[in-house]
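Dear colleague,

I am handing over the structure below, and my notes on it follow. Please read them beside the coordinates.

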Amino acid sequence: FYSDEMNHQFSTRLSVERELRNALIEGQLLVHYQPQVDLCTGEILGVEALVRWAHPERGLVHPDDFLPVAQETGLIVQLDQFVQQRAFEEVACWHKEGLGQLLLSVNLSTTQLEQEAFVRNFLKAISVAGLDPAAIKVEITENVLMRDVEIVVPKLNALRDKGIQVAIDDFGTGYSSLSYLQQFPINTLKIDRTFVHDIRAEQGDASIINAIVAMARGLNMTLIAEGVENRTQLNYLKEQGCRQVQGYYFSEPVTAKALKQMLSDNPFQQLATSS
Ligand code: C2E
Ligand code: MG
Ligand code: MG
């Protein structure tokens, strides 16, 4: 039963695909950066690269609106390569300009990871940009990790052998079994923003966040909380012993130019220390 609505969805999907192909050719994709901040000192320790689409009619389009189509069509591979190449170049520049040895996090998709030549191409892009592999962290979700353990884990091991760090993104929302976690080459757990969002001022000690903090400590992993928007959340995370945060409280994802300015101004010191 072919309804009008299905017809509509189909044509939208097709037009997104067509426009996205064009966007890759025309250079309409941009990389924004969101700082990852030491919540005690306000120091910018790293940035996450996040793709944006400067659409000629619709303005700045966010990934949730086009990544599903990019995944379905395989365009995600080209998209990720573009984002990574651009981010490697920009961060290499900031390093050379003496703006701090910041760490760059990039998101990996299943499709990219499954590419036969992924490790080789990824390492090559880092070296062409003149970046130290130790300055890179890759973010993958639990579901990507668990979907294809035999394929994904050897590739992550190969990256880690070169000094690249591995983070689990949106941690706590997926299906990873805890016994697996310590066998995987993971350095960082990134607490999903839904848990941070649920923090209340009157909250006691029993929360998923506490459990994740304890687990990260036990497994000797770095911890970062995403989606931190207010002081209540920041204070709670600090009390629990989480040191790194990413979220609107400090900054939204911003352009390369704005991020560079932040690196030279160091604007978060006061935000972090005032209580
Ligand atoms: P993610 O990797 O978990 O990235 C964090 C998302 O949370 C970003 O959304 C960011 O803008 C948003 N965020 C940051 N701080 C806050 C906050 O304080 N409050 C709230 N409500 N949100 C916050 P964004 O940029 O829309 O990206 C969505 C997702 O799309 C990302 O989730 C990531 O999974 C994916 N993505 C983004 N860029 C890329 C890319 O270049 N390649 C791939 N494969 N995936 C990407
Ligand atoms: Mg991410
Ligand atoms: Mg996330």
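How many residues does helix α3 have, and how far does the helix reach from its first C-alpha to its last? Helix α3 (residues 75-96) has 22 residues and reaches 32 Å, close to the 32 Å expected at 1.5 Å a residue, where the expected span is 1.5 Å times one less than the number of residues. Helices here are DSSP runs of H or I with at least four residues, and strands are runs of E with at least two, both numbered from the N terminus. After α3 comes Gly 98, whose phi is positive, near 75°.

On conventions, this is a predicted model, in which local features need pLDDT of at least 70 and side-chain atom pairs count only at pLDDT 80 or more, while totals for chains, interfaces and linings use all residues. Residues are numbered from 1 along each chain as its sequence is written, chains are lettered from A and ligands numbered from 1 in the order in which they are written, and side-chain values use heavy atoms, with hydrogens and water left out.

Metal sites

The magnesium ion (ligand 2) is coordinated at 2.0 to 2.2 Å by Glu 48 (OE), Asn 107 (OD1), Glu 139 (OE) and Asp 169 (OD); donors are N, O and S atoms within 2.8 Å of the metal (3.2 Å for Na, K and Ca), and since water is not among the atoms, sites may look incomplete. Along the chain these donors follow the spacing E-x58-N-x31-E-x29-D. Asn 107 lies in strand β4 (residues 103-107) and Asp 169 in strand β6 (residues 165-171), so the pair ties together parts that are 62 residues apart in sequence. Asp 169 counts as buried at 8% relative accessibility, whereas Asn 107, at 24%, counts as partly exposed (buried means under 20% relative accessible area, exposed over 50%, partly exposed in between, with a 1.4 Å probe and protein chains only).

Asp 169 coordinates both magnesium ions, ligand 3 and ligand 2, which are 4.3 Å apart.

Charged side chains

The count comes to nine salt bridges, a salt bridge being a side-chain nitrogen of Lys or Arg within 4 Å of a carboxyl oxygen of Asp or Glu. In helix α1 (residues 4-26), Arg 13 and Glu 17 are four residues apart, about one helical turn, and they form a salt bridge whose closest N and O atoms are 3.9 Å apart. Glu 17 also meets Arg 21 in a salt bridge, at 2.9 Å from N to O.

Elsewhere, Arg 243 and Asp 38 meet in a salt bridge at 2.8 Å, N to O. Arg 243 lies in the loop between α11 (231-240) and β9 (244-246) and Asp 38 in strand β1 (residues 29-38), so the pair ties together parts that are 205 residues apart in sequence. Salt bridges that share partners join Arg 13, Glu 17, Arg 21 and Glu 72 into one network.

Cysteines

The structure holds zero disulfides, a disulfide being a pair of cysteine sulfur atoms within 2.5 Å. For Cys 40, the nearest cysteine sulfur is that of Cys 242, 9.6 Å away.

Best regards
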